[in-house]
Amino acid sequence: LPTGSGVATRDYVNHVEATSTEIVTPVENTARAHVFAAGSIGDRIWLDTDGDGIQDAGEPSIGDVDVVVHWFGLDGIAGNSDDQDFPTTTDSSGNYLVTGLEPGTYIVTVDTADLPAGITANTGDPDGGANATAQLVLSPDEDRRDQDFGFRGVGRIGDRVWYDRDGDGVQASTGEPGVAG
């Protein structure tokens with residue numbers, strides 16, 4: 001189908017004749033074919049080092065993370081028997097792509113259990129929900145490479161910096177003052 005042609009349904013008729021010595025019986029059956037212009041969904045999962053929800057130059061990728069692209073099926077209703085999942089995993093560059101998709105409603109979900117330790121806060125989310133999921137509608141022959149998800153670590157590093165006069169790596173209760181700044 002040409003670009004933008006959408007979903008088409010067409011009837012095809014097969015004509016068969018069964019012959020015996022006594023009668024000739026024509027038999028017809030109709031088959032319905034569902035034809036669509038395939039689309040794709042994907043893009044990148046990254047470490048949002050400044051936590052602003054915007055993918056900036058130099059912010060590293062997060063690879064080896066499972067992503068599920070869930071289609072609501074032909075009826076467009078989530079949870080029915082015609083729904084279908086398309087699982088994939090980000091490559092070392094944090095990229096993922098699912099191709100050959102029918103037009104319709106989809107939910108993209110990032111498996112946060114696959115994120116590196118300490119990285120859990122979803123800062124960049126295509127639909128703004130910051131919940132590691134995004135819902136979208138895919139048009140016929142549409143290439144949606146805008147489903148990026150940014151994450152940030154939730155840990156903190158810090159304590160006290162002091163002058164270790166005796167060089168033992170342990171802060172003594174007296175005689176080893178803190179360093180300002």
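One aromatic pair is found in this predicted model, where rings of Phe, Tyr and Trp (its six-membered ring) pair if their centres lie within 6.5 Å. The partners are Trp71 and Tyr106: the ring centres are 6.4 Å apart and the planes meet at 25 degrees, so the pair is stacked (planes under 30 degrees apart count as stacked, over 60 as edge-to-face and the rest as tilted). Trp71 belongs to strand β4 (residues 66–71) and Tyr106 to strand β7 (residues 104–110), so the pair ties together parts that are 35 residues apart in sequence. Strands here are DSSP runs (E, at least two residues), numbered from the N terminus. Trp71 counts as buried because its relative accessibility is 5%, and Tyr106 counts as buried at 0%; buried means under 20% relative accessible area, exposed over 50%, partly exposed in between (1.4 Å probe, protein chains only).

The side chain of Asp125 reaches two backbone nitrogens, that of Ala130 at 3.2 Å and that of Asn131 at 3.0 Å. Asp125 is buried yet has no salt bridge (a side-chain nitrogen of Lys or Arg within 4 Å of a carboxyl oxygen of Asp or Glu). The nearest side chain of opposite charge, Arg144, is 10 Å away. Residues in contact with Asp125 (heavy atoms within 4.5 Å) include Thr133, Asp148 and Phe149.

Residues are numbered from 1 along each chain as its sequence is written. Local features need pLDDT of at least 70, side-chain atom pairs count only at pLDDT 80 or more, totals for chains, interfaces and linings use all residues, and side-chain values use heavy atoms, with hydrogens and water left out.

Methods:
Lys, Arg positive; Asp, Glu negative; His and termini not counted. Polar contact = N/O pair within 3.5 Å; in protein donor to acceptor, adjacent residues only side chain to side chain. Helix = DSSP H or I, 4+ residues; strand = E, 2+ residues; numbered from the N terminus. Lists of a residue's contacts leave out its neighbours within four places in sequence.
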